[in-house]
Amino acid sequence: MFWDNVNDFFDISDATKKLCKNAEANSLEMFKMIDDISSYNQCKVLSSMTKNKLSDIHFASSTGYGYNDIGRDVLEQIYADVFCTEDALVRPQIVSGTHALKTALFGILRHGDELLSPVGSPYDTLQGVIGIRKTKGSLAEHGVVYKQVDLLEDESFDYENIKNAITDKTKMVLIQRSKGYTFRHSLRISEIKELISFIKNINKNIIIMVDNCYGEFVEKLEPSQVGADLTVGSLIKNAGGGLAPVGGYIAGSKDLIELCASILYAPGLAKEVGPTLGLNGVILQGLFLSPSVVASSLKTAILTASIMEDLGYETCPKSTEIRTDIVQAVKLLSEEKVVRFCKGVQMAAPVDSFAAPEGSSMPGYDCPVIMAAGTFVQGSSIEFSADSPLKHPYIVFLQGGLTFEHGRIGVALAIEQMLQDL
Ligand SMILES: *Cc1c(COP(=O)(O)O)cnc(C)c1O
């Protein structure tokens, strides 16, 4: 029905409409599963709000030092309850996922400590933070030693080498849930659980941090519920529900959170400062919407995968695979196709639809990156967006969609652009 009327507003060919209709018909089973998880997570968020007696006094603003901000305290307790941790740090002073992760790393690691990634190379911007790529002020400059064990050929954990890499200096293990700019599967909560118990069996004192970016509310459990000591993410991705204009979170035990707050602000001040500048309400409302927004993003991703598979492209994950994050990768094998696809995504944006995205260099990335993001919040990738490092094999990464109603038309326009005169 929808597809029969879409030409009232947008030019979409019969061929593209047919692809979309087919893909949606084939995805109903997956959509049902997503709705079920979304309802579960809505209850998780709602019950955390009712339990903490959230009230409109908590939406009041604080400025300056931000002392005695009871709204901030309740916001952080709600996050802690959602993630089933003792405490959380949820602040507008954290500007991105990278900043949240950096805060946790620098908060905990000291000179001579070892950091291990047992799941291969971390996200591009973190390579600078850690000092894998030589960067001013990195952890490496502070005397922290980094070790890495790659996944095996079949993408499973290399337990033998992980065991060998752990020494009595190993203070922290970093597990990245989402695949980042790679074409491998993202780590499911069940896999993260298995890896954490393996490591804790070797030494229970090792602090496990999970980079949860793009993962929140995709499954029923979060990493903190399967043994992660710190769970970290961005509020302009899943957890902010598209409403948070800035922010990041770290969830974990009281003492670890205090270390993180001490490096974000200052030792001795820690969580006692941090003005919320009137953002408590919108951050909480975003959290409230997040499970549903994540479901819309997942449906948009599945629709994309299904259409692209129909057209013969390799997708990751496949349209029928169980998901653990909102990112959809498609191997397009052509720069031209990536640019056209991104152009279509941009054309469907509510903001800056008239702009034509092109590749450019970005801080923290080692090749030109093209980004289609006509978003209300700058750089927000819980909003419908696509990006791609412009290098072989030209993989486009699509994520977000505040509503599936928007996501489906966005995907149609992207496909339409990509297929034009090819
Ligand atoms: C987005 C992302 C980050 C952090 O990125 P920011 O752009 O700084 O928010 C880190 N890790 C993963 C896996 C990500 O997807």
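**Ligand surroundings and local backbone features**

In the predicted model, a nitrogen atom of the ligand lies 2.6 Å from an N or O atom in the side chain of Asp-211, a polar contact being a pair of N or O atoms within 3.5 Å. An oxygen atom of the ligand is placed 3.0 Å from an N or O atom in the side chain of Lys-237, and a polar side-chain atom of Ser-96 is found 3.3 Å from an oxygen atom of the ligand. Of the 370 Å² of accessible area that the ligand has on its own, the protein covers 89%, as computed by the Shrake-Rupley method with a 1.4 Å probe.

As this is a predicted model, local features need pLDDT of at least 70 and side-chain atom pairs count only at pLDDT 80 or more, while totals for chains, interfaces and linings use all residues. Residues are numbered from 1 along each chain as its sequence is written, and side-chain values use heavy atoms, with hydrogens and water left out.

The residues around the ligand, each with a heavy atom within 4 Å of it, are Ser-96, Gly-97, Thr-98, Leu-101, Tyr-123, Gln-176, Asp-211, Cys-213, Tyr-214 and Lys-237. By class, this shell holds four nonpolar, four polar and two charged residues, where Gly is counted as polar and Tyr and Cys as nonpolar. Helix H5 (residues 97–108) provides the largest share of the shell, three residues; helices are DSSP runs of at least four residues and strands of at least two, numbered from the N terminus.

Elsewhere, the count of aromatic pairs comes to 10, with rings of Phe, Tyr and Trp (its six-membered ring) pairing if their centres lie within 6.5 Å, and planes under 30 degrees apart counted as stacked, over 60 as edge-to-face and the rest as tilted. Tyr-79 and Tyr-249 form a tilted pair, with 5.5 Å from centre to centre and 40° between the planes. This pair links distant parts of the chain, with Tyr-79 in helix H4 (residues 70–82) and Tyr-249 in strand E7 (residues 248–252), 170 residues apart.

In the backbone, a cis peptide bond with omega of about 0° joins Cys-316 and Pro-317, and Pro-317 belongs to the loop between strand E8 (314–316) and strand E9 (328–331). The peptide bond from His-392 to Pro-393 is cis, with omega near 5°. Lys-53, although not a glycine, has a positive phi of about 50°.

Methods: Polar contact = N/O pair within 3.5 Å; in protein donor to acceptor, adjacent residues only side chain to side chain.
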